[in-house]
Each structure stands twice: as structure tokens, then as C-alpha cells.
Amino acid sequence: MEISVTDWHDWRWQFRNRVRSLGHLARELKRPISWLAPLKPVIRRYPLAITPYYLSLLNASDESDPLRRQCFPDPRELSFSLGGVPDPLDEERTMPVPGLIHRYSDRCLAIVTGDCAVYCRHCNRKRMWREKGLRGGRERLQAMVEYVARTPSVREVIVSGGDPLVISEGQLDWFLGALRAIPHVEVLRIGSRAPVTLPMRITPELCAMLKRHRPLWFNTQFNHGREITAESARACEMLLMSGIPVSNQSVLLRGINDDYETMRDLLCGLERISVRPYYLFQCDPVFGTDHFRAEIGNGVEIMEKLRRAISGLCLPRYVLDCPGGGGKIPLQPCAFLPGMNGSQFF
Ligand code: SF4
């Protein structure tokens, strides 16, 4: 297929032309469909979606390619040998209205859609990809707004998904505006992987709309230095130039970024494009993600090495989101031992 430069840079074209089937994937990779046959049962349970942009970044013929592993279905997603549950953070139990997670008193998280530009195979909400009821729906969003309005303890709302930037701009504008109009809501936050998987989604129009709802913070998810491209850097720059701080929440992924050099390159690359590394998450025990889960001890060692080698500006907090909804606990080496009073250092 001939692709024009205009089409390539149009996020709607990218979204419409996502790889959604094995036949499509086989055509893109110029491989026989039989090559992908073992993946059929996997995508029946966990669908496939890859933007042409993200596909262009990966090496499809290398099974260990860190970008390919994040978006290609893998037969191991159906083998639950080490356990795991669909909803390890117990999000469904902390929803006062459908789609609104209220776990901490001062903030809540709105799942405005279950859809995403790319379905990341390590996602902790992969249980939602097939839920049609999660797509848009003014009434559903209105119920969330009403809950926030009658809950004065909420001062921050995180608008997430799925990816909130795949719903219509008008609907997102309305939702953010309705939340912003609630007197006790002080801060809004967007959680979106669009700068990484669909950077052309960050348009001047979108930035102008988001700017109207400031103070608004933007969290994204770069997991590997190769995801930092001219396009993704431009997307982050546009948000920053609109007065929207951009932070990053990576996931520690086995064989993808769970080594010192890869993590250092990622974090220093983020600093170069003015994106603040915020969290490094231990991969949650979600069904079908066993093969992504790195050892916590390994993660702690990487963080300790990083702490000694790179600027504090590049250092995220390595955390474990406690299964069962217990909240985040920091994972770090014991730097201060019982019995020390600090005088040992001076
Ligand atoms: S973009 Fe986020 S919500 Fe969507 S699949 Fe990836 S990690 Fe999950």
C-alpha cells in the first residue's frame, strides 16, 4: 500500500490502519499467515492492535526485540503457570460508580475507555480490552462527574483508560471541563501512552484544548530508549510548550528493560527530552504477564547502580503496587541501617 506523508502524520489514519488481525500482521511483515497461526487463541482472548508508526520502530524478525515483545501477542499469555489474576489491584472492588476507581481519599481515577492505540501485552488492565461497555458514553462519564461533585475529599482526578486520547476530542474536552468546574477539584491528570505509540495524536488543537484545563499533568509510559524518537520527542515538547508537565511511568519488564544499561539509556533519554522519570513499576501479577515479570531483587540492584551513576533528576521511584489494592510501596535498598544516627557520614 502506498502511504502519503500526510496520511502517515495523521493520527486518525494511523488509528484506522492499526494492525488488528493476524492476516494484517502477516501482510505487513510479508510472512505467510501460517507463521503466526499459534497466536490465534491468544488474540481471541487478548486482542491485537499496533499502529503503523509503532510497527515501523520494531524489528519484527527478532523475537527478543524489546519493542516487538511489548505489542506482539505471545502464546505465553495463555499459560498461567505462576498464577496471576485478572485484576490484581482489586480495582473493580473500589469503583463507587462504573469505571471510577476511588482508592485514595484525595484522588480518583476515571477509566474513560478500554481502547488504546496499541495494546501493550504487559498491560495491567488487559482484562478490559474486550469490554465494549467501556467505550465513551456520555452517561457513564456523567455518573463519574456526579460522584466527584458529591465527594469533597477528591482534589485530583486522573483521566485514564485504556487511553483517554482515543475518545473524541469533544467528549474529552467536555469531561475535563465538567471536572474542572467542580470547586474542590484542584488538579487534573491524563494518563496516556499516545506520545509513545501514536505521537501524531498530540496536535496543536489537542494541546490548546488541554491547556484550557490546566493545572493538568500528563503521565506517559516509555519503557525503552528506542521509543524516544523525533516524533515522540516532538509530541512531548508540544505538551511542555503548552504548560503541561510530562512525566513518565515505566514498567520493569523482563528481557526488555531489566538491565542497567537499557534503563540508564531510557532515563537519560527522557531527561534529554525534558520528560521527568516519575515511577518505575514492578510488573503487576496480572493473568498472562508472567513472562514479563522481572525479579524485584534485580530491579533494586539496577536502581542502586543508577543512583550512584546518574543525576537524581533521572531517577524514578521504583515501586510495587500492592496486590489487593494495598497501595504503592517503594522498593529500595536499605541505605540507613538500624542503630545509625547519621554521624557515621560526617
Ligand atoms: S496504553 Fe496503557 S492501558 Fe493501553 S494497553 Fe498500553 S499499558 Fe494498557
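R212 is exposed, with a relative accessible area of 54%, where exposed means over 50%, buried under 20% and partly exposed in between, for a 1.4 Å probe and protein chains only. The model is a predicted one, in which local features need pLDDT of at least 70 and side-chain atom pairs count only at pLDDT 80 or more, while totals for chains, interfaces and linings use all residues. Residues are numbered from 1 along each chain as its sequence is written, and side-chain values use heavy atoms, with hydrogens and water left out.

**Salt bridges**

- The count of salt bridges comes to 16, a salt bridge being a side-chain nitrogen of Lys or Arg within 4 Å of a carboxyl oxygen of Asp or Glu.
- The side chain of R212 meets that of D173 in a salt bridge of 3.0 Å, N to O. D173 belongs to helix α8 and R212 to helix α10 (residues 204-212), so the pair ties together parts that are 39 residues apart in sequence; helices (H or I, at least four residues) and strands (E, at least two) are DSSP runs, numbered from the N terminus. D173 is partly exposed, at 22% relative accessibility.
- R155 and E186 form another salt bridge, with their closest N and O atoms 2.9 Å apart. Because R155 lies in the loop between α7 (138-149) and β3 (156-160) and E186 in the loop between α8 (169-180) and β4 (187-191), this pair ties together parts that are 31 residues apart in sequence. R155 is partly exposed at 30%, and E186 is partly exposed at 43% relative accessibility.
- E77, R121 and K126 are linked in a network of salt bridges.

**A buried pair**

- R193 and E227 meet through their side chains in a salt bridge (3.0 Å, N to O). R193 lies in the loop between β4 and α9 (194-197) and E227 in the loop between β5 (216-220) and α11 (230-241), so the pair ties together parts that are 34 residues apart in sequence.
- R193 counts as buried at 8% relative accessibility, and E227 is buried with a relative accessible area of 0%.

**Around the ligand**

- R193 is also one of the residues that surround the ligand, a group that includes C116, Y119, W129 and Q221; a residue is near a molecule if one of its heavy atoms lies within 4 Å of it.
- The shell around the ligand divides into six nonpolar residues, two polar and one charged.

Note on methods
Ala, Val, Leu, Ile, Met, Phe, Trp, Tyr, Cys and Pro count as nonpolar, Asp, Glu, Lys and Arg as charged, and the others, Gly among them, as polar.
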